[in-house]
Amino acid sequence: MGYLENVFSWSKSRDEQFRDCQRKYFYDKYASWGGWDKTAEPDIRLAYVLKNLKNRWAWKGESVHHVIEEVLKSYRANQPVLLEEKLSRLTDRMRSDYRNSKAKKYFEDPKRNLGLFEHEYEKPITDDTWKKIHEESSNCLKNFFNSEFFKELSADDKKSWLVIEDLEEFDFEGAKIYVKLDFARKKDNFIEIYDWKTGKDESTDATVQMGAYAVYAMHKWGIKLSDVRMYLFNLSSPGAVAKEHPMTEANLETAKKFMRESIAGMKKLLLDAKRNIPLPRANFKYTDNTRFCDFCNFYKICEKYQKPS
Ligand code: SF4
């Protein structure tokens, strides 16, 4: 593999991590760099393995997103899509993930084998709790299949579908921004962007994420903000509907300001902003909110918890 440069980029999840704990951000974005190589130094490799762990809620979301992606891609290719078959697919996938994680196979290859935070940190999670995660995931998929939106998709000319879970990047005032749109299509002279949600209430703070999507859409398709419609689709309850998230010029400006300030805050901790080289680790502050530590992938390498010898 050729030399890979650690290029500075911004995403909403990167911002969240930076706000939660700068030290966690340092482990994730810098200390783990190069750890995909099994022969990397043990500290780097460990940081990389830990970086890829998912907690059970993130796992639920990822599993549902993945199967919906398959559903839409099959639909687009005019292949039959049956709920029962997709539910089995979801179950098989989650079973396999769970088994591999329990056996800690993620240490061999963290990209191919899912690692669950709860297994790595030996959290006392009951079988019922794991079953509930699977049940909630299945319900999200059922709610998607039973939604009016899903029925509506069958009437679409599939050529109007623009994006299904593609990771895209664009330039925002000199910084690389990553976005992953769940689904986007052309409809009635608008571009519609959809974001699936699998938790109870994830509508707060959506303006920044949706704002980043809007900037991307305007950049990618050369359209005006008034040509974009954004939807949050919470799949956790029966009768789920896609709710429009208003994206006004004022909201867009709020999102852009947020992104600008977030990027500037991160760049303050760079020794060399051009080459994305961070200041020494000690400059990245530990969080004051130790609640984040209870769910932190890097807990075991965080110096704050090293006992004095
Ligand atoms: S354990 Fe706590 S202080 Fe340490 S990196 Fe994680 S969140 Fe930050």
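Start with the crossing of α4 and α5, which is right-handed in this predicted model. To display the pair, select residues 56-76 for α4 and residues 83-102 for α5. The two helices pack with their axes 10 Å apart, at an angle of about 140 degrees. Angles over 145 degrees would count as roughly antiparallel, so α4 is oblique to α5.

Next, show the side chains where these helices meet. On α4, pick Trp-59, Ser-63, Val-67 and Val-71. Facing them on α5 are Lys-86, Arg-89, Leu-90, Arg-93, Met-94 and Asp-97. Coloured by class, this contact has five nonpolar, four charged and one polar residue.

Now colour the protein chain by domain. The domain assignment gives 22-153 as domain 1 and 158-247 as domain 2. Their centres, taken over C-alpha atoms, are separated by 22 Å. At the boundary, 16 residues of domain 1 are in contact with 17 residues of domain 2.

Stay on the domain 1 side of that boundary. Select α4, α7 (127-145) and α8 (148-153), the elements that each give two or more residues to the side touching domain 2. The largest share, 10 residues, comes from α4, the helix that also packs against α5. By class, the residues on this side of domain 1 divide into seven nonpolar, five charged and four polar.

Finish at the ligand. Select its surroundings: 12 residues, of which the closest are Cys-21, Tyr-286, Cys-293, Cys-296 and Cys-302. The shell around the ligand has eight nonpolar, three charged and one polar residue.

Methods
Residues numbered from 1 in each chain as written. Predicted model: local features only at pLDDT ≥ 70, side-chain atom pairs only at ≥ 80, totals over all residues. Near = placed C-beta within 6 Å. Nonpolar A, V, L, I, M, F, W, Y, C, P; charged D, E, K, R; others polar. Domains from an automatic or database assignment. Contact = placed C-beta atoms within 7 Å. Helix = DSSP H or I, 4+ residues; strand = E, 2+ residues; numbered from the N terminus. Axes fitted to C-alpha atoms, helices over the stretch in contact; angles between N-to-C directions. Parallel < 35°, antiparallel > 145°, perpendicular 65-115°, else oblique. Left-handed = near helix turned anticlockwise from the far one by under 90°.
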